[in-house]
Amino acid sequence: MKRFLFSLLCFLLLVSLISCSGKGKGVDTDSQDTDAPQTETENTKREVGEIYGMFDEQYQFIFDDICYIADTFTVNDSVFALINEYEASFSIDNIDTFSARVPAIYYLIDKLDVSNDDISAYFEAAYASGANTEKPSDKQLSALGSGDVSEIMKVCVHPSALAKDGRVFTLRMLLEGDAGSYGVNDDEIKETVNRAISYYGENKLLKSPSLTDNMKNKLISLGFKIEKESISSICPVHTDAYHTIPEYFYAAHGESEIDKWKEDASSAENDTECTMSGVNIKAFLIDFGYSKEAVIEIYNSFGGTLGDLNIDLIYSDDAEAADAYYRTKNEAMEKAIAYDRAIASLKERIIADKEMGDFFTNVHEVSLPEILFMFDEDEAYLSSLSDFMVSLGLENLNLSAFYQNYDEILRLIMRRSAYYVDCYVTGRTAYDTPYEARK
């Protein structure tokens, strides 16, 4: 989602910029790059960069970064409402909606029924003010005025994206393997990657820390040289989660007992591929007599923060499937666990600040809005949490919105679990338990 920043810009007293949007907001964060190239406009020195991030760009900057310029159609009274409507119409995480997204400028042109002269006037003013560092070509202007969406996508496409059949596919879509169902082939993906390398630079693109394992594997299959990092710091085969015993079990059994088990388990196994094959979470739970039902109860009591426990596979008869699961980093699960831990940390902080520790023995048994509703809305206090929330990756969470939807959320609190409520208010698919969420 893009963030629209508003500031006054002037040029020789002729052109006034009411505001220009800058960079887009980070899902998953997860999800957004910060290593995209940066340039500066000649007149205003406004920093110009990528909007969604190196792997998620669709259109050239001048078509997707909306400048609100006096005496042009962009300061129409309807523009602000239209921008909100535009942002609500797609999700960067949904290939079907995001690939069909038109450039932001055309969305406004279409909704406001703007003339070709008005389109030209806008871009001339944006360039003259320094808000845009380049002008559209005659071909691009003609396409924008034609209403031909497929052609508009082709002429406005970003160098690192692929326009095809009325859709524009980002590098992430192409490399994560989702675009094949839309008729995109490997030759087209390779050509797009090469264009992106020309635009960003080979090292910046192919060594980006934002490359996921799936993206790296796809690049390797296309013939690009990628250095793959080890998935684990414990062994060369499995993820750390496979060989890590969560702290809960150390508290339950004692460090000496678990260390003795580790010593016996490691000496009993001899696997030349995995250096710690006998010491794993599956073997531990079975050796210590934990039933599947008991582990599910423990897992749920920790609100999804215990770690990457694939309980169904651990307790299945397919030992090879469980082993295979822990041989690949599950980035989506890692993000989900990190988010649950962040919410838990925020709850603990608020409970400590408000001296409500006597009310709660387990923060996972109470939802975040339920904690907040124990005191009246305190805007100054909520604002004071800003830096802490940023450190947790929760900068996009609006706590004040909970109070604005008080009645609706309160009814939900009365009917559903704390985990369900937390998922609901943070915009995630809601489940009553973490175990259900990961099935």
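Asp-64 and Arg-101 make a salt bridge, with their closest N and O atoms 2.6 Å apart (the term covers a side-chain nitrogen of Lys or Arg within 4 Å of a carboxyl oxygen of Asp or Glu). Asp-64 belongs to helix H1 (residues 61–64), while Arg-101 sits in the loop between helix H3 (95–99) and helix H4 (104–112), so the bridge links distant parts of the chain, 37 residues apart. Helices here are DSSP runs of H or I with at least four residues, strands are runs of E with at least two, and both are numbered from the N terminus.

Asp-64 has a relative accessible area of 0% and Arg-101 one of 4%, so each counts as buried. Buried means under 20% relative accessible area, exposed means over 50%, and partly exposed is anything in between, with a 1.4 Å probe and protein chains only.

## What you're looking at

This is a predicted model: local features need pLDDT of at least 70, side-chain atom pairs count only at pLDDT 80 or more, and totals for chains, interfaces and linings use all residues. Residues are numbered from 1 along each chain as its sequence is written, and side-chain values use heavy atoms, with hydrogens and water left out.

## Two other salt bridges

The structure has 16 salt bridges, including one between Lys-164 and Glu-188, whose closest N and O atoms are 3.0 Å apart. Lys-164 is in strand S8 (residues 162–164) and Glu-188 in helix H9 (residues 186–200), so this pair ties together parts that are 24 residues apart in sequence. Lys-164 and Glu-188 are both buried.

Then there's Arg-438 with Asp-308, again with 3.0 Å between the closest N and O atoms.

How many aromatic pairs does the structure hold? There are 22. A pair means rings of Phe, Tyr or Trp (its six-membered ring) with centres within 6.5 Å; planes under 30 degrees apart count as stacked, over 60 as edge-to-face, and the rest as tilted. Take Trp-261 and Phe-288, which are edge-to-face at 6.2 Å centre to centre with 70° between the planes. Trp-261 is in helix H14 (residues 255–268) and Phe-288 in the loop between helix H15 (281–287) and helix H16 (292–301), so the pair ties together parts 27 residues apart in sequence. Trp-261 is buried at 10% relative accessibility, and Phe-288 is buried at 18%.

Phe-359 and Phe-360 give a tilted pair, 6.4 Å centre to centre with 50° between the planes. Phe-359 is exposed at 58% relative accessibility, whereas Phe-360 is buried at 18%. Back at Trp-261, ring pairs join it into a cluster with Tyr-248, Phe-249, Phe-284, Phe-288, Tyr-290 and Phe-302.

In helix H2 (residues 79–88), the buried residues are Val-79, Leu-82, Ile-83, Tyr-86 and Glu-87. Looking down the axis of H2, these buried residues fall within an arc of 135°, so they line one face of the helix; the arc is taken from the directions from the helix axis to the C-beta atoms. An α-helix has 3.6 residues a turn, so residues three or four places apart point the same way. Ala-81, Asn-84 and Ala-88 are exposed on the other side of H2.

Thr-244 is in the loop between helix H12 (240–243) and helix H13 (247–253), and is partly exposed at 36% relative accessibility. Beyond its neighbours within four places in sequence, Thr-244 is in contact (heavy atoms within 4.5 Å) with Ile-234 and Ile-281. A polar atom of the Thr-244 side chain lies 2.6 Å from the backbone oxygen of Asp-240.

Ser-129 is in helix H5 (residues 116–129) and is buried at 2% relative accessibility. Its side chain reaches the backbone nitrogen of Ala-131 at 3.2 Å.

Note on methods. Polar contact = N/O pair within 3.5 Å; in protein donor to acceptor, adjacent residues only side chain to side chain.
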